[in-house]
Structures are given as structure tokens and as C-alpha cells.
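Here are my notes on this model, written up as numbered points. Have a look at the coordinates first, then read on.

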Amino acid sequence: MRLTPGMWISPTVRLVRPLSSGGGGTLWVAAHMRMHTQVAVKFLAGHLMSDPKSRARFLREARLASEIDSPHLVHTYDTGLLADETPYIVMEWLEGESLKQRIKREGRLHPAEAASVVAQVAKALTRTHEAGVVHRDIKADNVFLLRSEGAPLVKVLDFGVAKRLPHSDEDLSVITAVDETLGTPAYMSPEQLRRAHEVDHRTDIWSLGVLAYLLLMGILPFAAEDYPTVCLLITEGRYFRPSTVDRRWPPTLDAWLGRTLAVDRDRRFYTAAEAADAFLRAVAELGSEWPAGYSEGASPWHDGTTHRRPLHRPQG
């Protein structure tokens, strides 16, 4: 079905204008007549309509998001089907920008801002994990910063590849195949790359560590020119500690990353709250100076090793 401005998709929701589109679907701005407010509506892409897995993931995204109550998750108002069976999700409208957009514009965040973002993402993950759900796709694209006068309120987006933990009654057979890898490679934990169907909540702890590294350093810890090399770096846990770029980064930050990005998940922080608290303590040890990160667009591969060019020479 062709979507057009002014089209009613339900007795209370009327489309206003398209907002964005991607491989998985389209996002529209809409008016909710009963609530007298603007909302966002997400539609499954037409070419995925005949794929049972894609439809199942889309519908599950709406169900999972509506089941978990947190101010740091997008509120879902309604779900439904168009006349041609295209599924849609009606969600709260967000004013602001994605963390990816913010990083692209500013390079990296001040450590205090990074700590605030990590703490709020951790709160969303805490509620998600308490509900027996693993997000599996924590990344800068899926973290949204709401526009506000003070510190931005953070919202975690997209439960499209989330999974319930094994004790759930949900049938995952049509959603995740045993040999299927879902998520974004640079943020994936070693176990998510190897056996996606066996991950638990600690894969989100790993992704939180990757996100924190990006916020502080301005580059992903596991960045390479090709997918196989990214996988190798992740499975071997090879990345540059912040203190090797600038000695003003405290040893506690290196230690925090060592636990968060531990290849053996049993060595990681067990909860997102525990990880966020430890990150806040590590960042609090910084002085008034902002230590160096990596230069914009720096290649992580310049001499055949995993070394990266620092913005400045290491201090001291």
C-alpha cells in the first residue's frame, strides 16, 4: 500500500509526512487525534512483508517495547495492520538527535556528558534485563538524546533484534536461526559473533563498554578496514587502552574497560547498574583537563597493527 500524507491508518492516527526510510522500514510523522499530539509511526518495508522472520521481529519489537516500562525507552501507544497486512507501530514523538549524529558533529563527548549517557542507557538496560529481555543492538544509532534545557534525557531505541532469555515461553524458532548473526558487528560481543542464539544479558554490558569508549575517545575500540578483522579484534579482545593515548586517562578507566570488554563474559560486570556506577567513579578521577582522544577520521590501521593515531602525543 502506498503511504501518503493525510492518510488515516486507524480511526485516531493520520499520517503527516515521511521522516526517514531504511532497509527495514519507513518512519512517518503522524497526528494522534485522540491524544492531540504528534507521534511517530514505523512501518515494515514492503520487500520484507513476505519474510516470516522479518514480520515476527517487527511485531515482537512492538510487543517487547510496550511491556517494559522505563522513561529511557520509547513509549509505544499502539500497533496494527494496514489493509494490505503491512504492520505498523505508533510510538511517542522524540525531539532531538541520535547519539551517532551528536558524535559525528562533535567528535566525542565531555567525560561528564559521557557518564550521564552511560548511566541512562544502563537504566534502560536494567529494566530490559529485569523483564528477561536482551537488547542485542546497543549502539550510537539506537541511543537518542532528547532536546532539553539541561542535560539531555536519553532514550534507547529499536528492539528489532532483541531476544527473550531462555526461560521465556516465546517461540524463537521463526525469529533467530542457530547460525544467524544479528546486530551491529563493531558493537557485538565475542559470544554474539560466535553463537548469537546463546547470548545472555552480558552481551549488552559489552556493547555498553563499546559505546562508552566511543563517547570518550571518538572512535570505536574494534575498528578495522574489513569485517573479518573486526571479528578477530573482538574475539581476541584487542583494542588500545585510553591511557596509551594520553596518560591523563586514569588507570581505573582502563580497568573498567578491561571488565566491560572481557572476552570471557563471566569476568564482566554482571549488571548494567554495576557497570554504570563503576564508570562514573572512573570518570570522576579525571582532573580539569580533558585528555586526548583520537583524531577525526583517524585510520585504526596505519602500519598493519591495531595501533591508532592519537590526537596528541601521550602526555608525560
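1. Surface first. The protein has an accessible surface of about 14700 Å², and 52% of that belongs to carbon and sulfur atoms. Accessible areas here come from the Shrake-Rupley method with a 1.4 Å probe; for residues, only the protein chains shown count as cover. Out of 316 residues, 53% count as buried, where buried means under 20% relative accessible area, exposed over 50%, and partly exposed in between (1.4 Å probe, protein chains only).

2. Ground rules. This is a predicted model, in which local features need pLDDT of at least 70 and side-chain atom pairs count only at pLDDT 80 or more, while totals for chains, interfaces and linings use all residues. Residues are numbered from 1 along each chain as its sequence is written, and side-chain values use heavy atoms, with hydrogens and water left out.

3. Inventory. The protein has eight helices and 10 strands; helices (H or I, at least four residues) and strands (E, at least two) are DSSP runs, numbered from the N terminus. Among contacts with a separation of 6 or more, 63% are between residues 24 or more positions apart, with contact meaning heavy atoms within 4.5 Å.

4. The five-stranded sheet. This one is open, ordered β1-β2-β3-β5-β4, with antiparallel pairing; two strands pair if DSSP finds at least two bridges between them. At the edges are β1 (13-21) and β4, each pairing on one side only. From one strand to the next the twist averages 25°; axes are lines fitted to C-alpha atoms, for helices over the stretch in contact, and angles run from 0 to 180 degrees between N-to-C directions. β1 and β2 (residues 25-32) run antiparallel and are joined by seven bridges.

5. Helix α1. This helix lies across β3, β4 and β5, at about 25° to β5. How far apart are the end C-alpha atoms of α1? They are 22 Å apart, which agrees with the 22 Å that its 16 residues (52-67) should span at 1.5 Å a residue; the expected span is 1.5 Å times one less than the number of residues.

6. Gly160 sits in the loop between β9 and β10. Is Gly160 buried or exposed? Gly160 is buried, at a relative accessible area of 13%. Leaving aside residues up to four places away in sequence, Gly160 touches Arg57, Arg60 and Glu61. The C-alpha atoms of Gly160 and Glu61 are separated by 4.9 Å, although these residues are 99 residues apart along the chain.

7. The three-stranded sheet. Here the order is β6-β8-β9, again an open sheet with antiparallel pairing. β6 (96-98) and β9 (153-156) are the edge strands, each pairing on one side only. The twist averages 25° from one strand to the next. Three bridges pair β6 with β8 (residues 143-146) in the antiparallel sense, and Glu97 stands opposite Leu145 in β8. Helix α3 (residues 111-130) lies across β8 and β9, at about 45° to β9.

8. Salt bridges. How many are there by this rule? The count comes to 17, a salt bridge being a side-chain nitrogen of Lys or Arg within 4 Å of a carboxyl oxygen of Asp or Glu. One of them joins Asp200 to Arg265, with the closest N and O atoms 3.8 Å apart. That pair links distant parts of the chain, 65 residues apart: Asp200 is in the loop between α4 (190-194) and α5 (202-217), and Arg265 is in the loop between α7 (251-260) and α8 (272-284). Asp200 counts as buried at 14% relative accessibility, whereas Arg265 is partly exposed at 26%.

9. Arg259 and Glu274 form a salt bridge with the closest N and O atoms 3.8 Å apart. Arg259 lies in helix α7 and Glu274 in helix α8, so this pair ties together parts 15 residues apart in sequence. Arg259 is partly exposed at 33% relative accessibility, and Glu274 is partly exposed at 33%. Salt bridges that share partners also join Glu97, Arg102, Arg105, Glu106 and Glu113 into one network. Glu236 and Arg238 form another salt bridge, with the closest N and O atoms 2.8 Å apart. Glu236 is partly exposed, with a relative accessible area of 44%, and Arg238 is partly exposed at 33%.
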